[in-house]
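Subject: Structure handover

Hello,

Here is the structure, handed over for your work. My notes on what was found follow below.

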Amino acid sequence: MNLVDKRGLGTGLGIAVLACALLPLVLPPYWIYLAISAVISAVIMQSFGVIVGRAGVMSLCQMSFAAIGAWVMLRLNVADAPGGFYLWLLLGGLAAVPVGVAIGLPALRIRGVNLAVVTFGFAVSTDIVLNVNPFPGSADLTMLERPAPFDTDGGYFVFTVIVFTVLAVVLGIVGRTRLGLSWYELRHSERSAAAHGVSVARSKLAAFAISAFVAGIGGGLLVGQLSLVVPQNFAMGQSLALFAVAIMIGPHHPEGAVLGGIFGAVMATIMEKISLPQDFGGVLFGAGALLALRSGLSQTDLTRMRKRERDARKILKAAEDAPAADVDEPPLPALAPRAAGDGAPVLAVQGLTVRFGEVVALDAVDLTVPEGAVVGLIGPNGAGKSTFIAAVSGFVAGYGGTVELAGRRLDGLGPSRRAALGLRRTFQTTAIAPELSLYDYLTIGSGRRLPRPEADELLEFFGCPPGQVPVSIVDAGTRRLLDVAAAIAARPKVALLDEPAAGQSAAESLRLARRLAAVPARFGVSVLLVEHDMELVQATCEQVTVLDFGHVIASGPTGRVLEDPAVRAAYLGAADVPAS
Ligand SMILES: Nc1ncnc2c1ncn2[C@@H]1O[C@H](COP(=O)(O)OP(=O)(O)OP(=O)(O)O)[C@@H](O)[C@H]1O
């Protein structure tokens, strides 16, 4: 499992070693002090990187977590607790974790601006508490002493760089795990994350916990720099300014955290040197944050994505230029209808009823998917097909009827639990994080890092570009296919596919039909296919159910159902249904 970008890691470590060796020697003392501030800001930026940059959660209270780290460090210093500086630093970070989780709990129900208000409220409360209760040691000026060999300013700079680097490596590794990749997915679409079996609650709380820990470490480092801190060091205005920098720059990448740290720490000095008002820096950050919010991507995301896109275009060009290999097109299987009892039902839905206020979207719908089959669900717009998929996959709370997967009742379970039990779905509109590569997306979808040959085979099977290609340069039709590949990659018992052929040309649709028909035999996955493309349905599904206004109006072998005059005339429009 390759969890680390080795070239990036080598460059980063090289720069860190060079900075540690040279800067303390060449910089005057004031600039060393500023350099320490910049690295500590960069550490705090890393905490923004986890919660804001990766998980996309509007947290405005990271400096409050830093204050907790600082408070614990000073309290242990005053108590002359055993363990010393390094252990106290770690304990300060750990002390911020439960608070981070507590602040994260509302994030399970609210998001966006409302969540920003909650976190801002916490930042304000922390401000008030700190102003009333000074930091331990302030009254009698009990200073914290730095440990040797990091007791000089130059030495302490080296120590902060080491801490930053260790955090960058660990966060980089976490970022490549399924948890880290799931944060990207949360940022773009919580429902997609849930459909991939990601526990949205656990993933968000983990992001809050880790970001609080990192911020707590940042607060502890600040105590080491200043020996004693005051509430103004953690004022809520600081959280706001750093939040704006984080949105603008993207501190979830190490270079973004470093840049953000430098901006955060030395902007005031730079403004003073070029004779501009101090607030001008804040205005610049705010404007940059607004631009980044509009595009949805930070500066480092954009820079990295452009590079990946350039590399990907070269790969695509090379693939185009290569002599066409013989494509192993599976023939369309003859779709003989199964005899009753052939293929035990793997998905059994009975009496499914969904109401949206006065609208009865589904009324006592029965549908069965036999093991090893591709079953169609068709009907005109608004018939209830997507609602059926949503209810079966756990996205509709409070439906009537029962849903059973391989004999197990799923009613009452949430979408991620159903996904984990082997029921995957795709969406009509995909919301895949554009900064991910196709390989990354398969990792999220399958819940494991697929061996390269397996991932390559899946992508090729569904007609997707090579796995290194970023999602950002993939068109909408191909994103749907990628979504299907990710669902199948998990090897679920049943995949519910919502209009996978939308956006495909007629030839691509036919190719997809061959692929889908081969899915049960090749991957051991039974399929329920919602489609408007009747040729695809005819070519793929042995059984089909027709819905209209939430009612089943026909069900049975595809050929027979599509020939049903009532189905042709009333619901499909005779012109849409090719004569068989
Ligand atoms: N969240 C919702 N709130 C209220 N009504 C809804 C909601 N979702 C769906 N509906 C209604 O339920 C009915 C079924 O909609 P659904 O999207 O399931 O149809 P569909 O067959 O998937 O249509 P299409 O082929 O256009 O995707 C429609 O009348 C729709 O307006």
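**Ligand shell**

The ligand is surrounded by Phe-356, Val-359, Ala-361, Gly-379, Asn-381, Gly-382, Ala-383, Gly-384, Lys-385, Ser-386 and Thr-387. Two elements give two or more residues to this shell: β2 (359-370) and α14 (385-392). Of these, α14 gives the most, with three residues. By class, the shell around the ligand has four nonpolar residues, six polar ones and one charged. Please keep in mind that the model is predicted.

**Overall layout**

The protein has 580 residues, of which 47% count as buried. Its secondary structure comprises 22 helices and ten strands. Taken along the principal axes, the C-alpha atoms fill a box of roughly 90 × 55 × 45 Å.

The domain assignment gives domain 1 (11-307) and domain 2 (345-576). Their C-alpha centres lie 42 Å apart. The contact between them takes 19 residues from domain 1 and 21 residues from domain 2. On the side of domain 1 that touches domain 2, the elements giving two or more residues are α7 (178-188), α8 (190-195) and α13 (299-321). Here α7 gives the most, with seven residues. That side of domain 1 divides into seven nonpolar, seven polar and five charged residues.

**Annotated transmembrane regions**

The unreviewed UniProt entry carries the annotation "transmembrane region" for residues 7-25, 31-53, 60-79, 85-108, 115-135, 155-174, 205-228 and 280-297. I looked at two of these spans in the model. Residues 31-53 are 100% helix and 0% strand, with the end C-alpha atoms 29 Å apart. Residues 115-135 are 86% helix and 0% strand, and there the end C-alpha atoms lie 28 Å apart.

**Helix α4**

Helix α4 covers residues 84-104, which makes 21 residues. From its first C-alpha to its last it reaches 30 Å, close to the 30 Å expected at 1.5 Å a residue. The buried residues in α4 are Phe-85, Trp-88, Leu-89, Gly-92, Gly-93, Ala-95, Ala-96, Gly-100, Ile-103 and Gly-104. What do they pack against? The partners of the buried residues of α4 are α3 (62-78), α5 (112-132) and α9 (200-226).

**Ile-247**

One residue was looked at individually. Ile-247 is found in helix α10, which runs over residues 236-249. Is Ile-247 buried or exposed? Ile-247 counts as buried because it has 24 C-beta neighbours inside 10 Å, and the cut-off for buried is 20 or more. Leaving aside residues up to four places away in sequence, Ile-247 touches Val-52, Ala-289, Ala-292, Leu-293 and Ser-298. As for a distance across the model, Ile-247 and Ala-476 are 229 residues apart along the chain, and their C-alpha atoms are separated by 27 Å.

Regards

Terms used: Residues are numbered from 1 along each chain as its sequence is written. This is a predicted model: local features need pLDDT of at least 70, side-chain atom pairs count only at pLDDT 80 or more; totals for chains, interfaces and linings use all residues. A residue is near a molecule or strand if its C-beta atom, placed from the backbone, lies within 6 Å of it. Helices (H or I, at least four residues) and strands (E, at least two) are DSSP runs, numbered from the N terminus. Ala, Val, Leu, Ile, Met, Phe, Trp, Tyr, Cys and Pro count as nonpolar, Asp, Glu, Lys and Arg as charged, and the others, Gly among them, as polar. The expected span of a helix is 1.5 Å times one less than its number of residues. A residue is buried if 20 or more other C-beta atoms lie within 10 Å of its own, exposed if 12 or fewer, and partly exposed in between; C-beta atoms are placed from the backbone. Two residues are in contact if their C-beta atoms, placed from the backbone, lie within 7 Å. Domain bounds come from an automatic or database domain assignment. UniProt positions are given in the numbering used here, feature names are shortened, and annotations may be inferred rather than shown by experiment.
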